[in-house]
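Work through the exercises below with the sequence and the model side by side. Try each task before reading its solution.

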Amino acid sequence: MTTVITVPPSLDDQTLETVLDQLAPLPADQKVLVDARHTRWASPYGLTALLTIAQSRAERASFAGPETEETASYWQRAGFYEHAERVFEMHGHVPRPRGHAGESQVLLEITPVAKSDDVHEVVEKIQSKAQTILVNELHLDPMATMRFAMTLSEVCQNIVEHAQTTGWVAVQTYRYRQRLGRRVVVIAVCDGGIGFRRSLESAQGRKLSDRWDDGMALEDAMLRGVSRFRDPGRGQGLAGVRRYVGKWDGKLAIRSGTARIALIPSWDEDIALREGLAPFPGSQVQITIPERVAKG
């Protein structure tokens, strides 16, 4: 028997929870159909998370993509279908590449990351394109673009060092009507690996408190710079990301296991720490940098 998992009409880091809630009671070898036929929009986080869901299933999952041509075409340009065909059993129409499709919101198509060479390739791909868009269209200081590539590298490097599996990264810009009414650039990095808690637990000699859980692991990693590596200077990658995001009034959210932690700017009303969420393997990171506007 196949269980149908319904993808919401708008898929982002918040609404993905409805998908994970449906998956939570099912064993990993339960056959599922991820049904996105009625989905009209998806963030980079949503698209990379769908691929991660496929990786997390012991029985190959089926996938039915958006029925609207506009949405399916955008998912194709974002690189979703290229990878989905490798991890899902595809149902229905699969759009194919169609030459130049005009201005794209895609800074970096969904790209797999498994080793350090992949991270270098990701950064090289995005550098020149990011410079133009971040400065000319999002009106960020040129200094922001230099650190942007480093931030992207730091987040992707976490996959290489901690996930122990292939992850996915995507970078896109779009108008964030829901909260800001401004354009944003969004980095999404998702993997289905061991997650922050198990990674930190693997540190030699680490003592775990009675409170130890996914939420505390995220607090240790994001707020206290704790790493499973004891070498001096290790664990500072996320601290650097946090400083960069704070400087540009951005948002950083990390989900791992059953918890999610977020650095929340003034324009957002998210919750700083959520616990008791539906379990989901690995780590999912989203960084949102908003368009800069002149102060009145």
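**Exercise 1. The sheet**

In which sense do E3 and E5 pair, and over how many bridges?

Solution. This is a predicted model, in which local features need pLDDT of at least 70 and side-chain atom pairs count only at pLDDT 80 or more, while totals for chains, interfaces and linings use all residues. Residues are numbered from 1 along each chain as its sequence is written, and side-chain values use heavy atoms, with hydrogens and water left out.

Step 1. Helices (H or I, at least four residues) and strands (E, at least two) are DSSP runs, numbered from the N terminus, and two strands pair if DSSP finds at least two bridges between them. E3 and E5 pair in the parallel sense, over three bridges, and Asp35 stands opposite Ala64 in E5.

Step 2. Go on to the other pairings: E1 and E3 are joined in the parallel sense over four bridges, with Val32 in E3 as the bridge partner of Thr3. E5 and E6 pair in the parallel sense over three bridges, and here Ser62 stands opposite Glu89 in E6.

Step 3. Put together, this gives an open sheet of four strands in the order E1-E3-E5-E6, with parallel pairing. Its edge strands are E1 (3-6) and E6, each of which pairs on one side only. Neighbouring strands of this sheet are turned by 25° against each other on average, direction ignored.

**Exercise 2. The two sides of a strand**

Which residues of strand E3 (residues 32-35) point one way, and which the other way?

Solution. In a regular strand the side chains alternate between the two faces of the sheet. In E3, Val32 and Val34 point one way and Leu33 and Asp35 the other way, and all are buried, where buried means under 20% relative accessible area, exposed over 50% and partly exposed in between (1.4 Å probe, protein chains only).

**Exercise 3. Aromatic pairs**

Classify the pair of Trp41 and Tyr174, and then the pair of Phe63 and Phe88.

Solution. Step 1. Rings of Phe, Tyr and Trp (its six-membered ring) pair if their centres lie within 6.5 Å; planes under 30 degrees apart count as stacked, over 60 as edge-to-face and the rest as tilted. A search of the whole structure finds six such aromatic pairs.

Step 2. The ring centres of Trp41 and Tyr174 are 5.2 Å apart and the planes stand at 80°, so this pair is edge-to-face. The pair links distant parts of the chain, since Trp41 in strand E4 (residues 41-42) and Tyr174 in strand E8 (residues 167-176) are 133 residues apart. Trp41 is partly exposed at 32% relative accessible area, whereas Tyr174, at 11%, counts as buried.

Step 3. For Phe63 and Phe88 the centres are 5.0 Å apart and the planes at 35°, so the pair is tilted. Phe63 lies in strand E5 (residues 62-64) and Phe88 in the loop between helix H4 (80-87) and strand E6 (89-91), so the pair ties together parts that are 25 residues apart in sequence. Phe63 is buried, with a relative accessible area of 0%, and Phe88 counts as buried at 1%. Both belong to one aromatic cluster, formed by Phe63, Trp75, Phe80, Tyr81 and Phe88.

**Exercise 4. A residue in another strand**

Is Pro112 buried or partly exposed?

Solution. Pro112, found in strand E7 (residues 106-113), has a relative accessible area of 32% and is therefore partly exposed. The C-alpha atoms of Pro112 and His83 are separated by 8.6 Å, although these residues are 29 residues apart along the chain.

Key. Axes are lines fitted to C-alpha atoms, for helices over the stretch in contact, and angles run from 0 to 180 degrees between N-to-C directions.
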